[in-house]
Amino acid sequence: MGEGFESHWDASWFWHKARQCRELASVVADMTIRATLEEMATDLDTQGNVAAEAAKSVPRSA
């Protein structure tokens with residue numbers, strides 16, 4: 001983890017994907033699919049939080 005995250009794996013990427021899952025869940029009629037999308041969104045939020053914390057510990061290049 002010494003070199004940090006690729007730009008597409010940073011916290012905002014995870015949070016954006018979580019938001020997309022929630023948007024899809026809001027229009028899906030099938031309750032099983034809706035629940036799965038909500039679970040995915042929660043997981044992606046958690047991953048975003050972990051990425052944000054990890055990014056704080058990585059020194060920035062000058």
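Helix axes here are lines fitted to C-alpha atoms over the stretch in contact, and angles run from 0 to 180 degrees between N-to-C directions. Helices (H or I, at least four residues) and strands (E, at least two) are DSSP runs, numbered from the N terminus. This is a predicted model, in which local features need pLDDT of at least 70 and side-chain atom pairs count only at pLDDT 80 or more, while totals for chains, interfaces and linings use all residues. Residues are numbered from 1 along each chain as its sequence is written, and side-chain values use heavy atoms, with hydrogens and water left out.

Start with the inventory. The protein has two helices and zero strands. Helix α1 covers residues 11-27 and helix α2 covers residues 31-57. Their axes come within 8 Å and cross at roughly 165°. That makes α1 roughly antiparallel to α2, a label for angles over 145 degrees. The crossing of α1 past α2 is left-handed: the near helix is turned anticlockwise from the far one by less than a right angle.

Now the contact of α1 with α2. By class, it has 13 nonpolar, five polar and five charged residues. Ala, Val, Leu, Ile, Met, Phe, Trp, Tyr, Cys and Pro count as nonpolar, Asp, Glu, Lys and Arg as charged, and the others, Gly among them, as polar.

Next, burial. Buried means under 20% relative accessible area, exposed over 50%, and partly exposed in between (1.4 Å probe, protein chains only). Of the 62 residues in the protein, 21% are buried. A nonpolar core is a set of buried Ala, Val, Leu, Ile, Met, Phe, Trp, Tyr and Cys residues joined through side-chain atoms within 4.5 Å. The largest such core has ten residues, among them Phe14, Ala18, Cys21, Leu37 and Leu44. Both α1 and α2 supply at least two residues each. The largest share, five residues, comes from α1.

Look at Cys21. Leaving aside residues up to four places away in sequence, Cys21 touches Leu37, Met40, Ala41 and Leu44. Contact means heavy atoms within 4.5 Å. Across the protein, 61% of the contacts with a separation of 6 or more join residues 24 or more positions apart.

Gln47 lies in helix α2 and counts as partly exposed because its relative accessibility is 31%. Its C-alpha is 6.5 Å from that of Phe14, 33 residues away in sequence. Glu39 is also placed in helix α2. With a relative accessible area of 58%, Glu39 is exposed.

Note on methods. Angles under 35 degrees count as roughly parallel, over 145 as roughly antiparallel, 65 to 115 as roughly perpendicular and the rest as oblique.
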